[in-house]
Amino acid sequence: MLKISQSAYASLRLHGEETYPHECCGVLLGHFDGDSSESVSKSVSKTVSRVARCGNTRADSPHNRYHIDPRDLIRIQREGRERGEDIVGFYHSHPDHPAQWSPTDLAEAHWFGCSYVITSVEKGKATITNSFELTGTDEDDKKFVDEKTELV
Ligand SMILES: [Zn+2]
């Protein structure tokens, strides 16, 4: 379960409209809910309080690839810590494509337990937003699992 504030949800969808026909990308900041001593196999819910926009560094193919600059990521992580926020996921847009993950999206996802949010942007208008949680234990058995989202 991914709980997301109205403002964060609106912001990530608007970002996709602004960068259309290119993909947008960014980071979801908030916290993991519940007791961390519970079994790791049990999926925990997350709450997103804020999003951090990133530049898309994939200049070669910005319409169907995204990549967050590692320096951006380090800065966002540091600023989040100062505010008591964790990185709980990532988001990007799919211009004129469904809000479903691609094999490339899975290959480039490395943060287990985090949410990967995809918004379909049809002709410049944000439509469906879906979330997928990266599960598994390593690069060989990782997979995306559909995740419910709830606006809070
Ligand atoms: Zn994608």
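Contact here means heavy atoms within 4.5 Å. By that criterion, L73 touches V27, I68, I87, F90 and W111, leaving out residues up to four places away in sequence. The structure discussed is a predicted model. It is a protein of 152 residues, of which buried residues make up 42%. The briefing covers the overall architecture, the zinc site, a pocket, selected residues in strands, and local backbone features.

**Overall architecture**

- The secondary structure of the protein amounts to 3 helices and 8 strands.
- Read from the N terminus, the order of these elements is β-α-β-β-α-β-α-β-β-β-β.
- Of the contacts in the protein with a separation of 6 or more, 67% are accounted for by residues 24 or more positions apart.

**Zinc site**

- The zinc ion has as its protein donors H92 (NE2), H94 (NE2), D105 (OD) and D105 (OD), at 2.1 to 2.5 Å from the ion.
- The arrangement is irregular because the 4 donor atoms around the zinc ion subtend angles of 56 to 156°. For four donors to count as tetrahedral, all angles would have to lie between 85 and 135 degrees.
- Along the sequence, the donor residues follow the spacing H-x1-H-x10-D.
- H92 belongs to strand β4 (residues 86-95) and D105 to helix α3 (residues 103-107), so this pair ties together parts that are 13 residues apart in sequence.
- Both H92 and D105 are buried.

**Second largest pocket and L73**

- The second largest pocket has a volume of about 280 Å³.
- Its lining consists of Y66, H67, I68, P70, L73, F90, E108, A109, H110, W111 and Y116.
- Sorted by class, the lining comprises 8 nonpolar, 2 polar and 1 charged residues.
- L73, one of the lining residues, is situated in helix α2 (residues 70-82).
- L73 has a relative accessible area of 17% and is therefore buried, the limit for that class being under 20%.
- The C-alpha atoms of L73 and G26 are 9.1 Å apart in space, although the two residues are 47 residues apart in sequence.

**S115 in strand β5**

- S115 lies in strand β5, which spans residues 115-122.
- With a relative accessible area of 0%, S115 is buried.
- Apart from its neighbours within four places in sequence, S115 is in contact with L2, L28, K46, V88, G89, F90, S131, F132, E133 and E147.

**E150 in strand β8**

- E150 is located in strand β8 (residues 149-151).
- The relative accessibility of E150 is 35%, so this residue counts as partly exposed.
- When residues up to four places away in sequence are set aside, E150 touches M1, L2, K3 and I4.
- For E150 and I4, 146 residues apart along the chain, the C-alpha separation is 6.2 Å.

**Local backbone features**

- The peptide bond that leads from Y20 to P21 is cis, with an omega near 5°. P21 is placed in the loop between α1 (6-19) and β2 (25-32).
- D96 is not a glycine, yet its phi is positive, at about 55°. This residue lies in the loop between β4 and α3, and β4 and α3 are the elements that hold H92 and D105, respectively.
- D96 has a relative accessibility of 37% and so counts as partly exposed.
- K123 likewise has a positive phi, near 50°, in a residue other than glycine. K123 is found in the loop between β5 and β6 (125-135).
- At a relative accessibility of 75%, K123 counts as exposed, a class that begins at over 50%.

Methods
Residues numbered from 1 in each chain as written. Predicted model: local features only at pLDDT ≥ 70, side-chain atom pairs only at ≥ 80, totals over all residues. Heavy atoms only, no water. Helix = DSSP H or I, 4+ residues; strand = E, 2+ residues; numbered from the N terminus. Buried < 20%, exposed > 50% of the residue type's maximum accessible area, 1.4 Å probe, protein only. 1 Å grid on protein atoms, 1.4 Å probe; cavity = no way out; pocket = protein on both sides within 12 Å on 5 of 7 lines; lining within 4 Å. Points joined across faces, edges and corners; volume = space filled by probe spheres on them. Nonpolar A, V, L, I, M, F, W, Y, C, P; charged D, E, K, R; others polar. Donors = N, O, S within 2.8 Å, 3.2 Å for Na, K, Ca; no water. Tetrahedral: all angles 85-135°; square planar, octahedral: opposite > 155°, others 65-115°.
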